[in-house]
Structures are given as structure tokens and as C-alpha cells.
Amino acid sequence: MNDFSSFVLKEAKHIVRDRRTMLILFGMPLVLMLLFGFAITTDVRNVRTVVVTSQVDHLTRQAVDRLAASTYFTITATVATPADAELLIRSQKADLAVVFSHDFASRHGGVQFIVDGSDPNMAQQWTNYATQTLLNPEVGLVDLKLLYNPQMRSAYNFVPAIMGMLLMLVCAMMTSISIVREKEKGTMEVLLVSPVKPLMIIVAKAVPYLVLAFAILLTILGMARWVLDVPLNGSMAWIVVISVVYIVLALSLGLLISNVARTQLVALLLSAMVLLMPIVMLSGMMFPVESMPRVLQWVSAVIPPRYYIDAMRKLMIMGVGIEQVAREVAILVGMTLALLTLALKSFNNRLE
Amino acid sequence: MTPSIIVDHVSKAFGEVKALDQVSLQVQRGEVFGLIGPDGAGKTTLMRILCTLLKPDEGSATVDGFDTVGQMAQIRRRVGYMPGRFSLYEDLTVRENLEFFARLFGTTVEAGYSTIGPIYSQIERFGNRRAGALSGGMKQKLALSCALVHKPSVLVLDEPTTGVDPVSRKELWDMLATLKPLGITIVASTPYLDEVRRCQRVAFLHQGRIQGTGSPDDILDRFAHIFNPPGIERADEVQQHTADNVIEVQHLVKAFGDFHAVDDISFNVKRGEIFGFLGANGAGKTTAMHMLTGLNQPTSGTGTVAGYDIRTQHELIKRHIGYMSQRFSLYGDLTVAENIRLFAGIYGMSDSDIERKTTALLDQLQFADHRNDLVASLPLGWKQKLAFSVSIFHEPSIVFLDEPTGGVDPATRRQFWQLIYDAAQRGITVFVTTHYMDEAEYCDRISIMVDGKIRAMGTPEQLKQQFHLPDIDHVFTHLARQANRSSD
Amino acid sequence: MLRHLIRKEFLQIRRNAFLPRLIVAFPIVIMCVMPWVMNMEVKNVKVDVVDNDRSTTSQRLVHTIEASRYFIFAGQPASYEAALADIEHGRADIAVVIPRHFGKQAFAGNAPQVLIAANAVNGTKGSIGSAYLSQIVTVHVAPAAASIEQHVATLNLYNKHQNYKLYMIPALLAIVIMLMCGFLPTLNIVGEKEAGTIEQINVTPVTKWAFILAKLIPYWLIALFVITVCLLLAWGLYGITCQGHVALVYLLAMLLALFFSSFGLLISNYSDTMQQAIFVMWFFVVMLMLLSGLFTPTRSMPSWAYSTTYVNPMHYFIDAVRTVFVRGGGFAHIAHQLAALAGIGAAMALWAVKSYRKNH
């Protein structure tokens, strides 16, 4: 066991001595968490709104005040004709115009929204919110209950996604690069010629990254809980256990890549193209899987982070029991075993 | 006693290329066995097969009685291997490297100290320095210590002295000699003739086949046309160098922090001269050369190259010099002709000139058939000849050559020097560094740098007389042994 | 001199086993797959309906929801708890609970409360889905209240067909430029550093500008090629064309390319290994991208984060290119962004050239 620990120690030194990479490895989670927690949101807020009204009666005024009071809208101008409002939108000075018809007060009159529809999604949300704010539909018709995330904060959705991405990145990319680097530098030859079992070389390489990944995991969870106020509703034990399975899966993927790649550049590009792009795009991290065409949904079915992110969203945010994520966990475990076997099988004891 | 190593009709092919073709040889226990042959002869492949890194396609090999295919584990416990590139972890310290390799073999530095003591004691005081910051000679000692720390019964060394200065090379072979009483079998490859002579037996490998096995003298004699080609004659020996100086340097210093890599050197080089700039690893040769070629700013001192100030007019200097660096510096993914056109174009030659001169050059080098070959696919010796030709293609007034012939076999080196002589004949000043002392004898004048200072300067004859030594090799060894520092 | 250096870069790109394929395959894959993926539209929301009333009125409501193209009808579980379990399992996103005596009270004009419980982990999906559902319910229950809504009309300027792809294609252009002009030159220069050939170039009379331009121009041309392919594919595959003048799109792309390639160069000047260069580059690119409004609206950001967009070239680019591509804006509409982009790009280029040193 002694030589094993010396192996791990050596690997740890490699990591620690590369300051810049270390800085990025730990800086990235912090920055991403802060950005997603505080800066990046899909919430509707500060929509630049123009009010178009020809006469100022009591009802119209009330409606405008309701708009102005909400955090969703910022009234930037009041103009007389829809044409003026359109001009403002066209010159990128406003996003939404609310046109009150002259007989708005009479209950027969209506409201027209002129909206910058370039982003159809946001446009629809703006009009939804505006309708609600303006018309204040008869209270009590519908009892709306937003489960798990009553304030609708984007962070709830993103935190599990960041975990899925970063753990994969650190484990898979870093391990593969570190193995390929030894190949490139020629030290792998010497390691292979030693009596140490190749399996041990690999496991020893993986251990520091496992620890690193674990530290990053704890950082993310800690920040989520105390800085971003994201609830950790589910069982911590299971969150950690599933994360460890996922980390092992990522390490196996990294090992597979390192078996294929000969140079660090290829390893980097492979990780970026085979891992990073599909993860960000197809795992449901940013873009919901349900909205994709059928074919892409099939593709996303083989992307491991999808299940991890799903499981984490359910466990952390929804706080469900482990039995509700049994399917995801089973798939993850299966994938891990398959990848691990494949990676170890393809590892070459010799140079060829 | 059974032989330590038996290679029986081993063949190995990489795609179309037959790296080894029916190779058979035996090495006795405790023997120092040399593998020699030109670049690409199959030496490295054979060594890798012995170390179980590669499987032979045909035939079999045993090491210490164990089969390299079936009994990999036993062999890996008994072999010490030092690949061509120093396989050290550059970001770990000397001590950490050694400890790691000791642990790798399930032993400790203390347990192995008796074996590595004579070598390791020389670098022990740098125990806390990172391996990446060591000079070539010290890296080599460390790598050897790492390969020996587990007391292997067979030691395989793949060109352990490439890029290492003559003093360190001698030290390495002295150390290998001390291993003899321990009964360690040594298989080593080398391009240096003096090292070949220190083996008990050698095998000459050429194009994947064993051409002959026997005592060093026997083999060197039998293949004299390759190992000891007739010396080259300089057509115009009595050239007058009374003309102007093309390089003038006064009190040049380059300091990195407290460390003076180049410590107050002064010298002149005359037009048309071949100036040999010698020194041990880490003596400051490359740094000095970088200042002359405008890559580095001097810390203090003055100098002119081709009449331009090295401090202020370095971009003008660059128009008038050619440069060929230690690391092979043509683009491997461009063809021969494309490389020539690129560098000629950079110096502003016209397309028609380039075209005409390219054809002439390739004819002269007998390279015309390879005009459209990728440079990466050429053998090392050819690449270096080509790199030199490219560096003087634009007819610079001075060409700087930084260890141009590292790792090349004697015959190719001889051809290379013929090219240098031709260039000098055309009036190009040649400023060259080398670790081959026979090449030093070819220079008009040489200087020997030790610890950042020039310790001796003059014609080879003058230096031999001054120190009362028979050849430059001895002069160099004599001076370089006085060095106190060993770092780059 | 420059001509020879540029020819060398092209030859090297062509000889590379990987780059030519990347350059051809990249825009095709991006254009064929990404518009489908980068879709924040809320679609296929799965709805559970718990009908505690089982009257004709309530059944009519159930049928209306079932018939809506917008929702996928997941089932009719027996109780709210069962529906909640469905949500936890991920079998449903929203549960609608129709209370007992719903039909009777609705007839009596007494507003009965229909419960809509939405999984709001993904806030956008939760809110859009539930808003649409409440609309259905409102119309159904209180046609009077709904009549107000009928007075609400929405006029979409631009993007009349609510095509999300039209909105996202400019973002794809930004990503393409970032990759082609940011990462590739960075790798290229650090690669020359590692191979040692840069030293050979440094002892030649090649000027800094020539060296750097020779590194940039080939990648600019490649980026232009790739953008052209992307625009053609957008037209061929999705029938989407640029609403404004296409020359403006190219102009913007060139300016963004100038920024990214200079930035990549800067990083490679300060890095020793490829790994370092890639990591640093990646770090900054992710930040620039996330804070640019490429995927999420910048105006929703808190003010401190919004203030970073003033120095974010990606933000100016995406703003301007959407104005041209989607809204059909002209030169006057994007003059401000053009100036900012040019300024940032030029500053970065100067810094990059300054930091590249042939003599230490």
C-alpha cells in the first residue's frame, strides 16, 4: 500500500504545482456558481416598457401604476400613438409597449401589446406577466401553486447542472490529459517497465482527481446552501453517493479517452468535443430535453450527465426520496460499470 | 552460465516499415553490450522489445531466462530502463523523482543507495531542485539513478548521452564501469565512437538487420566506411582571416536574478571564420548565442554582430544571420520545398530566385527526389542537413549553429561538416556549438566556456600547446572539470 | 513576407489530419443540430388532471386540456397525492386539481378554486405552462372574465412566426467565431512554442505585425467561410434569412473575430503549455458568453452584473447581430455597438502585439 500512496502523492504534487490550472479548477466552480446564482437568470425583470395612452382616466392610471410597481416592468416612456411606441422598440430603446385603447375605462375597450418578438419565449412571458399585472383576473379562479421553487429562481435549476458539468470536466478531462501527458513525455514507458500493475498506475492517477472532484462537489454544495440559498432538501448521504458514482463514471470516461489519444492536444479536443459540447447541449442542463426533436432525445438518452442532473434536481431541489430516482441511479450505475470495464479492457500494458 | 539476454530471430514491423528483420543476438551476464547503427536502424525497437514494451511479430526474446511475451511481470521486476528522452517528472524535485521511482519498484532510496551512490552523490546536494531546472548532464545522472535504484539485473540505456557534454559522458561511462562487480548486464546504444569502445561487445544494426557482432575494434574496423570515414580536407586551408570582425563582444553579461548565466565574456570573430563555441552543459553557451542572435537582451556589456548593435539593432541583425537551433526547427508538416520557400520568402527573396536556387540546392544535396516529401518523414541526418542549408539559403553573413549534429552517426556528421566548409568557403562566418570534440578540431578557432566565462580561446593547435595535451577532448575535459556550478 | 507566412499557415492547416474536417463538419453539425437543441421554448408540458368532481362541466375541462396541442395529457390520477408522486417521478410537470362540486358551483356563478400545481424547478417552464393552463381554466370557468382577455391583443414586431430558431442563429454565429478565431489560433501559437519552431521564426527578420497577422488572417478567412456556410444552411434548412443587410453581419463578425483572435493570441503569449492556454481561454469564454445575453436576457441581471456588459464584446455583437438579422436594423441602429466592438477589438489587438516579444 506504501508504493500506492507514494504514487498518489506524486500525482497530487503534479496538480498542486501547476498553479494556473489549479486556480482555474477551483475558480471555475466559484465563478460559475456566483454567476448562475446571482447574475444569469431567465426571470422576467426590468422589461423596458412604453405606455401608449391618449387620455388619462382613472382606470388607465391605475393600470399603469400597477405596471410600474411590479419588478417585472420599468416604464421608460409614455407616448401618444402606437407608431411612436413602435419606433422606440425598433430603435432598441424599449422591449414592450402597452397600448390602452381610448375607451379602456369603459370595459369594452382593450389593451394591445406591441412586443419585440425576436425572442419568442421572452416575448410570450412578457405578455403573460403584463396581462396578469394589468387585468388582475378575478382572484380565486385559479389557485396557482409553484412547487419546489415558489420564487422561481433560476439557480434552483442551474446548480445541479453545474455540478454535472464541472465534475465531468474535472474528472474526465483532467485525468485523460494527465495520462496522455506521461505518454507524451516518455515517463509512461518507465512506469510500464516497472513491476507496478498497470491497473494501479491508473487508479493512483485517478485518486487525486477523485479527491479534487469531491472538494469541488462540497464547494458547490456549500455555496448552493449558504450563499445562493438553494435548498438541499433530499438526503445528503444519497446526494454524495450518487455523485461518487458519477465521478467514477467520469474518471472511466477520462481513462477511455486517454487510451485513444496520443497527444495532449487530441485528448483536449476529444474531451471538449465528445464530452463538453454534448453535455452542455444535450443533457438538459440549459435546454430542456423535452423540447428537442425525437432523434436528439434518443441521442441525449446515452449522455450520462442527463441522468445525474435529473437525479440531483429531484434529490436536492424537490427533496424526493431515493426510490423516486431509482431509475436514474440504476442507469448511472449500469453506465459506470460498462464504461469502467471497457476502459480497463482497452488499457494497454505495452506501448502498442 | 546461461546468457542474460537471448534474442532469437525477432522481427517487428510498423505498418509497411520493417523495424527489425530476423534479429538474433546473445548478451552474457555482466556484459556491457553496445547497440550501434544509424538513426532508424531499429535500436530503440529492439530495446523496447527487451523491456516488454513491444511484442515481437516473429521470434522470441528472453531476459534473465524469462520470455518477454509470456513472463512480462518477472522481467519488469528485473529491468532498469532509461528511454532516449529523460523520463523524469520535471515538476518534481530531484529527491522526489528518485523516491518515486524507488517506491515504484517496492524499495527505498536508502536500500538502493549502495548501487546508485557513486552517481547520485554528485547530484544529491541539488535534492530540492526541480528536475526541470537541471542541466542535461545532471538530468542524465538523475535518470540513471532512477533506473538503477532497484538494483536491476539488466540495465537498458537508449542513447543515454545524446545532448550531453563530453565530461558528463565520460563520467557516465565511468559509473557504468563501477557496476560491473555487481554483475549487472548493460545494453546501451550510442552514436559516439569513444563510447562504443567502452563496450565489451557491440552489434551493428542497419535497416533492421544485424550486420555484425563482435568486439568494438573489430566492428569499427569492419564498417570503417560508416564509422570512420576518411577525414575531410578543407580546400582552402590557408585562408586569410585578417579581414574585419563580424562579431565583436565586450564584457557581455546575462543575469537571471542572482545567477550569471553569461559572466563577462569578450571575443571577436572574423569574417569567413569557423568559430567553435564549446562548453559543458549549463556553461552558458546557448544564452550567449541567444544574445548574439537578438533573442535575449544582455544585462550589461556591448556587442555587435555584422556591424549592428545587439542591444538596439537586434531586428537588423536578424536580417543578416542564419540560425539553426538545437531542437530541430523546420516545420515537419511542410514539404522540403515548402520549408525552403517559407524561410527564403521571409528574408524577402523573389519567387523566381527561390525557385532557381531551390532546384540547385536540392540537386547539390541529391535531394531532388524528396522535394515534395514532408520534412517529418525524413531521417534525422537528412533533416539536419536540410535545416542547415535552409539557414544559409538567403546568404547571410553569419550562421549560428546550436549543436547541429546531436545524435547523428559519424558518416552523416562528416557530410554535414563538408557543407559547413562549403559555406565558409563562400565567405559565410560559421559560429557553431558542439559536444563532439572531433568536430572542434575542424574549427578555425575555438573558445571553451566554463561557468559563464571563456577560459580558453585560440586555434585548436594553440590550445593543445598551451595546455600540453594531445587533443581538444583532453583540453576540454581538463577545463570543464574545474567547473563549480552545474545548472542551466 | 506576409504572403509566405500566410501560405505556410494554410499549408499547415491543410496538412493537419483534423482541422480541415473540423472546418467543414463544424458548421454543418452546428446548423443541423443546434437550432433544434438551443430551444428554450416550452413544449410538451406533461399535465395530470385530478378530477374530484366528475361532473359534465369538469369532464369538459378535462377534455379541453386533453385536446390542447400545447400539453401532453399524462393521466388522470385518483388524488392530488398521486399526482404529486407523478411529478416527483418526472411523469408529469403540472397537476390540475378540479375540486368537488366544481360543476355545481360554476353553474351557480360561484368561483370554485381550481388548483394548478406546477413543478417550478425550471422556472420558465413552470410559469409559462401554468400561465397557459390558468388561461384555459379561466376561459372555461368564467367566460365573463375571459372576455376581458379577449380584449387583449398582442402584436409581435419581428419574428412574426415566433420562430425560436431565428432568434438563436445569431448566437450560433457568435459561437462559431469564438471557436474558429479564438481557440484555433491560440492552440496554433502555443503549439509552435512547444515544438520550438517559434524560436526559429524569432531569429528571422519577420516583424511582430507580420507574424501575428499571418496567424490571424487564415482564421478570419476560415471564419468567413464558416459563417457563409452557416447562413446558407439557415436558408436551405430552415428558410431563415437575414432580415437586414447581410454585409453588416459580416462586418460585425469580422470585428468580433478581431477581438477573439487577439485575445487568444494574448493568452498564448502568456502561457507555456497548451493545457494552460486552453483552460484560461475557456474560463474567459464561458464568462463572456454567459454574461452576454446569448442565452439569457441581460436586463434580468442585477445591476452589477449588467454593468459588465459594457466591456463585453460578445454582448455588443449579439445585440447588434440580432438587430440586423432578426429585426432588420440598418447601419444607424448598430453604429453604437460597431464602435464599441471596434474599440475593444483594437485595444485587444494592440495589447496582443505589444505582449508578443521577439527579444527578451
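**Chain A, then a helix of chain C**

Mentor: Chain A has 13 helices and five strands, taken as DSSP runs (helices H or I, at least four residues; strands E, at least two) numbered from the N terminus. This is a predicted model: local features need pLDDT of at least 70, side-chain atom pairs count only at pLDDT 80 or more, and totals for chains, interfaces and linings use all residues. Residues are numbered from 1 along each chain as its sequence is written, chains are lettered from A and ligands numbered from 1 in the order written, and side-chain values use heavy atoms, without hydrogens and water.

Trainee: What does the C-alpha trace span?
Mentor: About 90 × 45 × 40 Å along the principal axes of chain A.

Trainee: How much of chain A is buried?
Mentor: 59% of the 352 residues. Buried means under 20% relative accessible area (1.4 Å probe, protein chains only).

Trainee: New topic. Which residues of α1(C) are buried?
Mentor: C:His4, C:Leu5, C:Ile6, C:Lys8, C:Glu9, C:Leu11, C:Gln12 and C:Ile13.

Trainee: And what covers them?
Mentor: The cover includes α12 (336–346) and α13 (351–364) of chain B, plus α2 (19–37), α8 (164–195) and α10 (208–238) of chain C. Contact here means heavy atoms within 4.5 Å.

Notes: Buried means under 20% relative accessible area, exposed over 50%, partly exposed in between (1.4 Å probe, protein chains only).
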